[in-house]
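Hi everyone, thanks for coming. Please have a look at the model on the screen while I walk you through it.

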Amino acid sequence: IRCIKPNAQKKAKTFDDALVLHQVRYLGLMENIRVRRAGYSFRVEYEKFLQRYKMLSRLTWPQYRGPAREGTRHILEGLDIARSEYAWGRTKIFIRNPRTLFLIEEKRKARAIVLATKIQALFRGWRQKTQYQNMRAAQIILAANWRCFKQQRLYKQMRKSQIVIASYVRMWHHRRQFNARKHRKLQEKAAITIAAYVRGWRVRKQTRLLFKKHAG
């Protein structure tokens, strides 16, 4: 819907021909009339048509790098629309029958539903994969921490056992040294006692011999 101002003063029953003609030319109404007279009910630039309906052709979906006119041609040829239903302009595509446009829109809606389903499936797959990867990463971290905890606990137990064994070895070694020193002391004491008895016995023996000699 296009509105045309009859005059700039907003007065009733006043018609400014120059102003109205300027608006008609500016809004492209003359071009619309010529297109309608030629029998085409719809026209649109190739770029806009391609962006709106590119999902209808595998050659243009999801991204088309070529010229917009070629992309439009791929779309219309893929839809199997009669060549007489549209015409090629310099920058626009012209569609003759409104039913053709409605058919394209219906196919676009159906294709949009299919694509939405695929996108949802891909998104759910991506989300599940991401959740699995996160869970896997968390599992790896937990397993690594658990192994580290077990190794630390095992090391502490081994260290504690080593300390206990080392203490027992040192205690046995000290006890052995103590017993050895005690045995040597007993031997020395016994040797001293025996030597004292021997010296006493010799002295007593010499004394008896001297006593007998002087007594005789």
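At what angle do α3 and α4 pack, and how far apart are their axes? The angle is about 45°, and the axes are 8 Å apart. Here axes are lines fitted to C-alpha atoms, for helices over the stretch in contact, and angles run from 0 to 180 degrees between N-to-C directions. The two helices α3 and α4 are therefore oblique to each other, since angles under 35 degrees count as roughly parallel, over 145 as roughly antiparallel, 65 to 115 as roughly perpendicular and the rest as oblique.

Before going on, a word on what you are looking at. This is a predicted model, where local features need pLDDT of at least 70, side-chain atom pairs count only at pLDDT 80 or more, and totals for chains, interfaces and linings use all residues. Residues are numbered from 1 along each chain as its sequence is written, and side-chain values use heavy atoms, with hydrogens and water left out. The pLDDT is the predictor's confidence in each residue, from 0 to 100. The protein chain has a mean of 83, with 91% of its residues at 70 or more. Confidence is highest in helix α5 (residues 98-215), at 88, and lowest in helix α2 (residues 29-37), at a mean of 58. Where pLDDT is low, the predicted coordinates should not be read in detail. The helix and strand names come from DSSP runs (helices are H or I, at least four residues; strands are E, at least two), numbered from the N terminus.

On the α3 side, the contact (heavy atoms within 4.5 Å) is made by Y46, E47, F49, L50 and Y53. Helix α4 brings A68, R69, G71, T72, I75 and L76. Several residues of α4 (residues 68-78) are buried, among them G71, H74 and L76; buried means under 20% relative accessible area, exposed over 50%, partly exposed in between, with a 1.4 Å probe and protein chains only.

Now find the loop between α3 and α4, where S57 sits. Is S57 buried or exposed? It counts as buried because its relative accessibility is 8%. Leaving aside neighbours within four places in sequence, S57 is in contact with H74 and I75. H74 itself is buried, at 19%, and its contacts, with that same exclusion, are S57, L59, T60 and Y64.

That loop also holds P62, and a cis peptide bond joins W61 and P62, with omega about 0°. Most residues other than glycine have a negative phi, and most peptide bonds are trans. After α4 comes D80, whose phi is positive, near 60°.

Finally, the sheet. It is open, with three strands in the order β1-β3-β2 and antiparallel pairing; two strands pair if DSSP finds at least two bridges between them. Because β1 (42-45) and β2 (86-88) stand at the edges with a single partner strand each, one side of each has no neighbour in the sheet. β1 and β3 (residues 92-95) share four bridges, and V44 stands opposite I93 in β3. Helix α3 (residues 46-53) packs on this sheet, touching β1, β2 and β3.

A hairpin of three residues links β2 to β3. In β3, K92 and F94 point one way, I93 and I95 the other, and all are buried.
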